[in-house]
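Please look over the structure shown here.

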Amino acid sequence: MTVTRLHAPAKLNLGLRVVGRRADGYHLLDTVFHAIELHDTLWLVDADELSLELVGGAGGDRVPAGDDNLVLRAARAFAAAAGLSPSGRFRLLKGVPAGGGLGGGSSDAAAALLLLQHRLGSPLGRRDLEEVAATLGADVPFFLAGGTRRGRGVGEILSETRPVPRLWFVLLVPPFGTSTAAVFKNLRAELTLAEGAATNSIDNPGSDNELWVIEEPCTRWQNDLETSAEQLYPDLARLAATIRAAGFSSLSMSGSGSTLFLSYASPADAIAAQVRLQELAPPGVRVLLTRSAHGMVASRTPSTVES
C-alpha cells in the first residue's frame, strides 16, 4: 500500500488592513500571509471510497469530521474539476489549533489538493488548481504558494512582497476560537480607502501602494480587526492587555483572532519570551514557539512510504 503525506503549515497575518467593501458585502483586505512551521499532518491512502479519519491532535474536537470538512470538500472539488470520481482515504493529525486565525483548515484543503495532484499524475494545470483552491476559501490559494505573500481582494489575490527575514514567533493561543463572520460584522474601524479607490488599488497589482514594509522584526503589526475581536471576546481583550502591561508592547493578533503573537529575529530572544509568557499566561492559554516556513512548496513535496 502506498501512503503519501504532507505537512500543512499554519500562517500568520503580518498586518491586516480593511481597505474597502465589495457590492456583495465582503470586505476588501490588504494583508501579508506568512507561513510558519507549526503544522497539521495529512496522509492520503489509495482507496475506492472517499473518507476522512481524524487522529487527534490540537483542537481536533473542534474540527468537523463529516462531509463539511475542508479536506473532503477539497477532494470533491478536485475530482469534479478533473472529471473523476472522488476517492482516497485521508488521515488528519491536527497540530494547528482550530479557530485561532492560523488557517489550519485552509492549509489542510491545500494539502489535500496537492496530494491528489501528486497521486493522480497532475491532471490539473496550475491555474486550474488555483481556481479550485479559491472556491474553498479566500486563503487556500496562499497555502498552494506558501512562503510570504501579500493578499488583496478578500485575500485571494496574491502577489510578491518585499523580502521578509526569517523570524521566530511566540504564539499565545486561547482555549477558544473567534468567529470570522462575527468579527467582520462587528467591525467599526474606518476604512483605509474609499470603496472606489480600494477597488482600483486591488485591480492594479503593480501599484506602488505598498502598505507593508517589514524593517524591524519585533514590530507590532496593525490589524484592523483587533478592536472588533476584543469587543466581542472580553477574555481576548483581557489577555492582550495583561501581556502588553508586562512589557510586550509589540503583541499582535493574527487574522480575525483568537491567536496573539510576538516576533523575534533570534531564537534566544524568542525562547526567553516564551518562558516569561508561560508564567504570565492564564490557565488554558497555550504558549507555542515556532518560526518562519520559507520554501513551503519544496517542503510540501509528498514523501512516499511503503507500508
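**Helix α9**

At 1.5 Å a residue, the 14 residues of helix α9 (residues 267-280) should span 20 Å, and the end C-alpha atoms are 20 Å apart, which agrees. The expected span is 1.5 Å times one less than the number of residues. Helices (H or I, at least four residues) and strands (E, at least two) are DSSP runs, numbered from the N terminus. This is a predicted model: local features need pLDDT of at least 70, side-chain atom pairs count only at pLDDT 80 or more, and totals for chains, interfaces and linings use all residues. Residues are numbered from 1 along each chain as its sequence is written, and side-chain values use heavy atoms, without hydrogens and water.

*Sides of the helix*

- Ala270, Ala273, Gln274 and Leu277 of α9 are buried (under 20% relative accessible area, with exposed over 50% and partly exposed in between; 1.4 Å probe, protein chains only).
- They cover an arc of only 105° around the axis, which puts them on the same side of α9; the arc is that of the directions from the helix axis to the C-beta atoms.
- An α-helix has 3.6 residues a turn, so residues three or four places apart point the same way.
- Exposed Ala268 and Glu279 sit on the face of α9 turned away from its buried side.

*Packing*

- The buried residues of α9 pack against β7 (168-173), α8 (234-245), β9 (260-264) and β10 (286-291), where contact means heavy atoms within 4.5 Å.
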